[in-house]
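I opened this entry to look up how the two chains meet, how they are related, and how each chain is built.

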Protein chains: 2
Amino acid sequence: MYLAKVYVTLKPAVNDPQGLTIKGGLHALGFDRVAQVRAGKYLQVWVDEPDRARAQAQVEEMCRRLLANPVIEDYRFELEETAAVPGGVA
Amino acid sequence: MYLAKVYVTLKPAVNDPQGLTIKGGLHALGFDRVAQVRAGKYLQVWVDEPDRARAQAQVEEMCRRLLANPVIEDYRFELEETAAVPGGVA
């Protein structure tokens, strides 16, 4: 089994109102050294596949087809081998 | 200047309806080896602070006070030195 850690970020040219709102909140709290904030997603996907290359190919396809919107988002992911899903729940 | 890469995840005991929905969507697309999905946030925060220890302390405080909800979420972050914010916009 592999755990894929997937990072989805907005492409640099895309406006990020959520990030601007967070930046405004941080400034309001006194963190005036915050120059910019970009908000993205962090997804953990457990794949019950023993072969690393096949897990890699599957996660790549998941990112393209569902996890990221390729028009406005970039993605990258890391695979790590793991014994089971947390809590043992499938 | 430092870039903080902040990862915010739900605590293991907290229900994750967004993750369940994504898992259902992946199964519907034929990815039947997906055992579990957990959805979290990935925030990039650029801090205009030359001192690493002070940047570290500030980001730690930002996480506790705004970026994560400590009741239901865990967080971790990495700091990396960077020359400027992307696009040069402050």
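I began with the interface, where 35 residues of chain A are in contact with 35 residues of chain B, two residues being in contact if their C-beta atoms, placed from the backbone, lie within 7 Å. I noted that this is a predicted model, in which local features need pLDDT of at least 70 and side-chain atom pairs count only at pLDDT 80 or more, while totals for chains, interfaces and linings use all residues. Residues are numbered from 1 along each chain as its sequence is written, and chains are lettered from A, with ligands numbered from 1, in the order in which they are written.

I then asked which elements supply the side of chain A that touches chain B. At least two residues each come from β1 (2–10), α1 (17–28), β2 (34–47) and α2 (52–67) of chain A, and β2(A) gives the most, with 14 residues. Helices (H or I, at least four residues) and strands (E, at least two) are DSSP runs here, numbered from the N terminus. Sorting this side by class, I found 22 nonpolar, 7 polar and 6 charged residues; Ala, Val, Leu, Ile, Met, Phe, Trp, Tyr, Cys and Pro count as nonpolar, Asp, Glu, Lys and Arg as charged, and the others, Gly among them, as polar.

β2(A) is joined by 13 bridges to strand β2 (residues 34–47) of chain B, and the two run antiparallel; strands pair if DSSP finds at least two bridges between them. I picked out Gln44(A), whose bridge partner in β2(B) is Arg38(B).

For the symmetry, I laid chain A on chain B, which takes a turn of 180° and a shift of 0.0 Å along the axis and gives an RMSD of 0.0 Å, with copies superposed by least squares on the C-alpha atoms of residues with pLDDT of at least 70 in both. That is the relation of a two-fold axis. The same surface serves both copies, since 100% of the contact residues of chain A recur in chain B. Of the residues of chain A, Lys41(A) comes closest to the rotation axis, its C-alpha lying at 2.2 Å.

Last, I looked at chain A by itself. Its 2 helices and 3 strands follow the pattern β-α-β-α-β along the sequence, and the C-alpha trace spans about 50 × 30 × 20 Å along its principal axes.
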